[in-house]
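The stops below go from the whole chain to single residues.

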Amino acid sequence: MSSYASWNQQPARTKTVQFLTNEIGIPVSPGDIICMANAKRLLPGSTFQEFCQRIKEDAHFADVASKGREAIAFELESRKGNPLPLFLPSSDIAETSSFGHTIYSKAGLLTDSELVRLVDKSAKDLQLKPFTSEWCSVKGEVSFYLISLQGLPADLMQTIRKVKLFHSVGIRSDRVWLNEATQLSKGQGADVSKHLALKYGERKRPAGLMNHSTADSTSLQTLEDLKQLAALLENTRQENLLTDAAGAGASAQAPEPVGPVKKSDTMLAALGDEEGPKKPVVRKKGKGKDPATAAAAQPSASGTAAPSKPLLTIGDGTKSDKSSKRAKEQQSLFEALDSEMQGVAALHVSCQGDRTSKNSGFKSLQFLTPEVFMTGTTDHNKGHCITGVAEKIEKSLQATQPDSHELQVLSRRIRLCTNLQTLEEITAKNLSTWAEFDITLKAVSEYCPKFPIALKVKVTFAYTIREMHRVSEVVTEDSSDKQDLVNQVNKFLDCFLVHLGGGEEWDGCQPTMSGLCLEAFETLTGHVKDMEDGNATEESGFIEAAAGTCVEVLKEVARITIEQFQDSSFRVMFANPVKYLQHLKVIAWQFLKNLQPCKSALEKLQAGDGDGFVAADSFDALTKELGRIENIMRFIASTLFTTSDMIEFTEDVGLTLKPSEDAVWLAGYTGKASFERGLSEIVKGSGAWTSITDELVKTAGSSTKLRPALERAVETLKSIRDGKLELTLLRLDDLNQIFPQLEAGMRRCDLEEAKTLMTSTLIAASDEILGDGAGKSSGVTSKFVSGLLKGFKNLSAMPGMTTKAQDLEKWMTVHVKEMAMNDLVRLAAPGYLDSLNDVQAVVGKLAKIPFPPDRPEIGLAARKLLNYGLSQLITEVNKDLAKITYQKLLKQTGLMSNLCKMAYPGDSDSDQEAARCVQWHTGLVKSGVSLKSSLDNLESLGASVEDIVRKDKGKVRLAAFLSSQKQFVDQLADFSKFKAESPTLQAVVEKAGRSAEDDILYDLILTIDSGKGFQEFCEADVVYDVLARHLVNHQSSLETHREKITKGILKVTEENCWHKDLTPEDSIEVVLETGGNALLKLDLKGAIFKGILETFCKEIEAAKLLDSQIADSSMKRKEEANPDEASGFGCSLTSFRDKLQNAEVAYKLGARVYGEQTLVLSLRQFKADPSKIEKSRTLVRDTLVFLQKIETELEADIHPVLHQAATGLFG
């Protein structure tokens, strides 16, 4: 740092603050908080260093800053050390409560130049009052003129500036940057305002806006009003001019006519402009004249020759030589002007007098010609002649000669040259609106044929870009919009694709590169023909120039071909393939369709240049650029075209696409061409393009396989739409089944037509249902509605599908009963029923619903389904009973019962008899299935009889079978008896007066044999084998126990009976003595004896139970015992019963001996010790109870003396 420089302003209540400066004296130190606050308030948009720089450079600002620092220092004391507001900017929020409304209208805004272009009259001529706004242009204040939007052309309506005139009330929130409390200087407001304008833009109401009639837009003048007013003013001016000319006796010199355009009889003929001057013939012959001098010999822009007598003579010859020389130069400049500008110059000089130099801008006016402003050169005189001279002269004449013809001429010339300069400087980006381009081009249309090649190319390029922009703006909502899109795309393609149109030439109103190209080649062909006619010397120069023009044109066509697609409009569409799908498809289709004619046209042009004046490289360059665009269009077509589109495209264009090649190259592009590289980056970076290309690769194989199914679906849907087919449940199910497969294996674009057709079909079907309150007239079934809902779910992404599905679900909830009745009727139709499960679902909904009397078809349907269900159940039982579980049986028989209630709900005899018959059938089937189930359970215990017998503990499963067998056989017998003992059943049925179909249904109920399939299980051999084995086992056990008991008591029974020698008169002592010597000496005695007896008893009970079960069962072989045969179940059963009887005899005898033994023992104990009487009583009591349980008579068989003594213990 070079030095310390102090800001030596020392206001009161402050101290000197030093700033550290750099080598050029700019303060760079941060300063204190007062300095920072001062800088923030005075220059809110500048840095602190910029604030210091301005203090150094601006003494006045330094004084302002000094005073500002003083004010902030004062604030510092009042704010207790905080020199800034709490928030900067601070905010004041004011709430306003009001009632009212906003009144507004919209109007168009035109500048004076736009008015002139539209109606050829200035705002001053039309006496329009302007309002100004300084916020519509960076150049400062701009004047506008209000115009009604009513009746404006569509293109002008879209591009014209508009203003909204309004009055509004409401709540406002203000961010306060400056107010009375924070303002530090008088000019601070402007600085803050400028800063905010640059940072946030204008937000305030334009000044003077509400001075206009804002409440009524009809008070504004329409464009048509202005045109009529301009025409009226022009007619008045023309009448005044004619009157002045007649009074002065002046006669205007007739303009020199322009030479006629030579029509060529060559390949193409030039088209003339009927409303303006004809295109000058470039190849005008003249000895010693080259093309440049020939062009210079054309008439002036005004179309008139110079007057024979000058309008103004400068100098009188009496002045000095120097003045005379200057006068001659000025006179020469004046005479060099065209006739119109001479009149302007003369009038201007006459009005100026001696106030200005005599030339008065002659040199500048010399450049104010269309020819000068159509060139592409930049020249000071060219740029200065309008703004520096012409406009000043115009303003001078407006002040001095406002009604003069010369003023009108000058104004028109200025506008013409300005418009030409605008076109010459045109680019696709410097146009404020496309409407401005149209207005500018129309204003100079009469000079379009004279445009040089470079200007024609610029105009054509801008026009092409504009047409591309219009392509992107076309809305495609229906078929008519699509045709509009096709028309607009073709209009765009016509701008640059060369085609042979039969004599077309470049048209300034609709400029095309084709017209420019054909015009250039026509000129070349004409010169070549003239040379062939013998004018080789004169035409050689023309041929060379024309060939150069052709080369230049071809070069420009090649450049425009690429650059127009690099424009933002195409890139925006390409980057959004979903939104601009139709636009991209139409562009690709029409480009590829018109490409071959374009190539053919170029080949013919090249062939027409037989001598090769135009280098072949020029054609090759254009063909190469067209090929680049062709590759892009092939990519678009291969990725976005549906399969149907490709077929139609091939038929229309005659070109076959190759998606495997055309659709993949762009994503993998690695070249250096910026055009292709830019599009490649879009494809790789766009989720939409990635999805499209990935889908194309994914469905490449399956799409071909699924194509026939898609075509069939589309054909079916079209036939349904056209009323040729009905949307049945079967067709609906087929469509619902195929659509998920199509969506998984085909591109979305291929399915658009099918989805649209399916959507309309589903919506039409649902609308028909929703419009029919109960759905009964159309026979709507729940399966059909479910099919519709499934279709809605498959196409949920389509517009309106979710809402329609919700409406249909609500309807379905309300009309469950009606649909169930329809389902029942439909299920009974021939060939419709697939499974009893369908019937089960419907009957469950209808079980408790009384059928309406106006629907007798429901009862008939129930009877049909009942018969079908019974037949199906019995058939299934007979065919494969093993697959029928008991749960399934209960479900199906329950269904039959519910159907029976629906089929025969009445109290008539026929209904009651039929219902009973159905109940017998279902009951018999259930018993049969139970029988089979019990047999299966028994057999499941083992493969052999021994295993079954061993594992069937307690014979539980055997007993279950015997019970089921008995139940089934009994029910079968009862059912047969019911049918045999009800002879009136058939009569009742016949008497009921049923239809023939009902008679058949009744007959089926009577004739069904529901027990046939189960009868074989009643006499299963395995059951007899198991029973036989049980009989053998019981016999063996019984015999063992019998022998053990018999052997154990043999010493005291039969011939060895212990009391055979005793008499009833013997004393108890004798009896006890005899009994003790016999009974108490047996091997079987006490608890052991009793245990053997109890075991023997259980075995006898088990054998008796088995015998009773066999006896109660309906087993037929139990009665087949033959005394003459020792084999067979009947014989085994007889032998078993004999053994059982013997065992019972032995058991009772053993029990009696046990009782006597116990009584003798108890009495002897009592005799030995009378104190143990209770013990003896207990033993006696238990013994007597034991004997009574076995048999009452056993107690009576005991020796009477012994029995009396035992009972005597109880008193």
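**Whole chain**

The protein contains 49 helices and eight strands; helices (H or I, at least four residues) and strands (E, at least two) are DSSP runs, numbered from the N terminus. This is a predicted model, in which local features need pLDDT of at least 70 and side-chain atom pairs count only at pLDDT 80 or more, while totals for chains, interfaces and linings use all residues. Residues are numbered from 1 along each chain as its sequence is written, and side-chain values use heavy atoms, with hydrogens and water left out.

Colour by accessibility to begin. Of the 1211 residues in the protein, 43% are buried. Buried means under 20% relative accessible area, exposed means over 50%, and partly exposed is in between (1.4 Å probe, protein chains only). The protein exposes about 63300 Å², and carbon and sulfur atoms supply 52% of that area; accessible areas come from the Shrake-Rupley method with a 1.4 Å probe, and for residues only the protein chains shown count as cover.

Contact means heavy atoms within 4.5 Å. Among contacts between residues at least 6 apart in sequence, 74% join residues at least 24 apart.

**Nonpolar cores**

Select Leu824, Leu866, Leu899, Val1023, Leu1027 and Leu1202. These are the residues with the most contacts inside the largest nonpolar core, which has 103 residues. Such a core is a set of buried Ala, Val, Leu, Ile, Met, Phe, Trp, Tyr and Cys residues joined through side-chain atoms within 4.5 Å. Helix α46 gives this core its largest share, 14 residues.

Centre on Leu866. Not counting residues up to four places away in sequence, Leu866 touches Met896, Leu899, Cys900, Ala903, Tyr904 and Val918.

**Aromatic pairs**

Now show the rings. The whole structure holds 17 aromatic pairs. Rings of Phe, Tyr and Trp (its six-membered ring) pair if their centres lie within 6.5 Å; planes under 30 degrees apart count as stacked, over 60 as edge-to-face and the rest as tilted.

Select Phe565 and Phe591. Their ring centres are 6.4 Å apart and their planes stand at 90°, so the pair is edge-to-face. Phe565 lies in the loop between α20 (536–563) and α21 (568–575) and Phe591 in helix α22 (residues 581–608), so the pair ties together parts that are 26 residues apart in sequence. Both Phe565 and Phe591 are buried.

Go on to Tyr1154 and Phe1186. With ring centres 5.4 Å apart and planes at 80°, this pair is therefore edge-to-face. Tyr1154 is in helix α46 (residues 1129–1168) and Phe1186 in helix α47 (residues 1173–1190), so the pair ties together parts that are 32 residues apart in sequence. Both Tyr1154 and Phe1186 are buried.

To see a cluster, select Phe492, Phe565, Phe570, Phe574, Phe591, Phe635 and Trp689, which ring pairs link together.

**Lysines over rings**

Which residue lies over the face of Phe1186? Lys1090 does, at 5.9 Å from the ring centre. At Phe1017, the charged end of Lys932 sits over the ring, 5.3 Å from its centre. A charge sits over a ring if NZ of Lys or CZ of Arg is within 6 Å of the ring centre and within 35 degrees of the ring normal.

Val1153 is found in helix α46 and, at 1% relative accessibility, counts as buried. Leaving aside neighbours within four places in sequence, Val1153 is in contact with Ile1049, Val1052, Thr1053, Leu1079, Leu1082 and Phe1089. Val1153 and Leu1079, 74 residues apart in sequence, are 7.9 Å apart in space, C-alpha to C-alpha.

Ala621, in helix α23 (residues 616–640), has 36% relative accessibility and counts as partly exposed.

Next, select helix α26 (residues 674–685). Its buried residues include Phe675, Gly678, Leu679 and Ile682.

Finish with two loop residues. Lys955 has phi near 55°, a positive value in a residue other than glycine. Lys955 is placed in the loop between α38 (945–951) and α39 (956–980) and counts as buried at 14% relative accessibility. Glu1054 also is not a glycine and has a positive phi of about 55°. Glu1054 is in the loop between α43 (1021–1049) and α44 (1068–1078). Is Glu1054 buried or exposed? Glu1054 is exposed, with a relative accessible area of 55%.
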